Amino acid sequence: MLIKGGTVVDPASGVDGLFDVLVRDGRVAAVEGPGVLDRVEVSETFDATGMTVAPGFVDVHVHLREPGQTYKETIATGTAAAAAGGFTTVVAMPNTVPVNDSTASLAWMLDPERGAKVHLYAMPAVTLGSMGEHLTDFESLARAGAVGFTDDGKPVLEDHVMQAALLCAGRLGLPISQHAEDTRLTGGCSMNAGTVAFKLGLRGMTVEAESRIVERDIRLVREIAKVDGVRAHLHVQHVSTAKALEAIRRAKEDGLHVTCEAAPHHFTLTDEAVGDFDTHAKMNPPLRAENDRQAVIAGLLDGTVDCIATDHAPHAAHEKEVEFERAPNGITGLETALGLALKVLGREHGMPVRRVLELMSQNPAAIVNLAGRGTLGVGAVADVVVFDAGREWTFDGSKALSKSRNTPFDEVAMIGRVVGTICAGRVVYRG
């Protein structure tokens, strides 16, 4: 395949300009200036004239609901939504039914029979059943393909369990991806603590419920480095508060291996979006106040935040159409991530497209150690997204490829539209 006529932007290799990309046998075979590859015999030409050509996006935090909750999403539908959003690699969370906490469940999930449309990886649970007590078999799971471990949806609360997890995973060179919430402070809470929660009469989650766990985990990483000589990797999921970000910023300055992700909804919306008990604005961590939203944006701009992750969390309509406090947390996000990033970070805050691509391809690939991904360097896996960086469009939730429609971004204006997604040299989405 020859991807011809586009502006190639690849932060990992420093390429930024008009180039054609030659793909052979699922790999990037050449990246050359216009016309150089015209005489090469190819089976297919992808016309990218006027478009941006970039490494396919990598999402380190998605919920695909299979096994156990296929009425919300399946691996096939979730990865189809990923392809529509420009993602060529996704990492599935373990809070399925049953929990992905064994090599058997991991192998079942990764089996090609599940019908994944893009590259699928998984983070099995840190603890058996994600109950926070006994570690899963990290070594066996790593050999079976785990790219990290997480009890996502739940924090690893006990100090000694988290310390053991960081140490074991650190020795394997894999991250512990933590849902940072001190659930001892959030019982009965359904949104951010603040004036909106007060007006609605809802119990709110304080920012300290997030920052306290982040600060504890960083302390453990520091102690492990000092006592055991192991460089443990803590990855903080969907950071949402200025206080947690400041702790992460200090940890990075001290040279600790601490990374973090931010979700598009946290840099786009505030708790005001809950409005009149809108369950499509209910998520965990909750939408925060404007000062925290601005802190997340600042962290994305200054490099404190390493990547954008969607926390794609599909739920069926009947589950969201209940009282706010009873509704499940989460929204879909794979098909709106680029449009929100280019709109909020790019247009409103001046972030260059190159930096957006770092946050969505190069950096997340590095967090989960995916060599040869997140780049269009010669020899890399031919995972490519082609998009119209300046196109203004409106998201129509009814046409989403995800099986669920729980999004606060239905009929919301966006910037940047995916027109093609190529995974290992094969077109998996064409808009």
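Analyst: Helices (H or I, at least four residues) and strands (E, at least two) are DSSP runs, numbered from the N terminus. Residues are numbered from 1 along each chain as its sequence is written, and side-chain values use heavy atoms, with hydrogens and water left out. The model is predicted, so local features need pLDDT of at least 70 and side-chain atom pairs count only at pLDDT 80 or more, while totals for chains, interfaces and linings use all residues.

User: Where is P67 found, and what kind of peptide bond joins E66 and P67?

Analyst: P67 is found in the loop between β6 (57-62) and α1 (75-84), and the bond that joins E66 to P67 is cis, with omega about 15°. A cis peptide bond also joins N284 and P285, where omega is about 0°, and P285 has its place in the loop between α8 (264-268) and α9 (290-302). Most residues other than glycine have a negative phi, and most peptide bonds are trans.

User: What is the phi of D25, and what is the phi of F277?

Analyst: D25, which is not a glycine, has a positive phi near 50°, and D25 is found in the loop between β2 (15-24) and β3 (27-32). F277, also not a glycine, has a positive phi of about 60°, and F277 lies in the loop between α8 and α9.

User: Why is D25 called exposed, and why does F277 count as partly exposed?

Analyst: Buried means under 20% relative accessible area and exposed means over 50%, with partly exposed in between (1.4 Å probe, protein chains only). D25 has a relative accessible area of 81%, so D25 is exposed, whereas F277, at 35%, counts as partly exposed.

User: Why does D311 count as buried, and what does the record say of D311?

Analyst: D311 has 10% relative accessibility and therefore counts as buried. An unreviewed UniProt entry carries the annotation "active site" for D311; UniProt positions are given in the numbering used here, feature names are shortened, and annotations may be inferred rather than shown by experiment. D311 sits in the loop between β14 (307-308) and α10 (317-320). Apart from neighbours within four places in sequence, D311 is in contact (heavy atoms within 4.5 Å) with H61, H63, H238, H265, N284 and I331.

User: Where is E215 placed, and why does E215 count as partly exposed?

Analyst: E215 belongs to helix α6 (residues 208-227), and its relative accessibility is 34%, so E215 counts as partly exposed. Not counting residues up to four places away in sequence, E215 touches K243 and A247. E215 and A180 are 35 residues apart in sequence, and their C-alpha atoms are 9.6 Å apart in space.

User: What divides the lining of the largest pocket into nonpolar, polar and charged residues?

Analyst: Ala, Val, Leu, Ile, Met, Phe, Trp, Tyr, Cys and Pro count as nonpolar, Asp, Glu, Lys and Arg as charged, and the others, Gly among them, as polar; the lining of the largest pocket therefore divides into six nonpolar, 13 polar and seven charged residues. Of the 26 residues that line the largest pocket, N95, G153, N284, H315 and N329 lie nearest its centre. On a 1 Å grid over the protein atoms alone, a pocket is an open set of points where a 1.4 Å probe fits, with protein on both sides within 12 Å along at least five of seven lines, and lining residues have an atom within 4 Å of a point.
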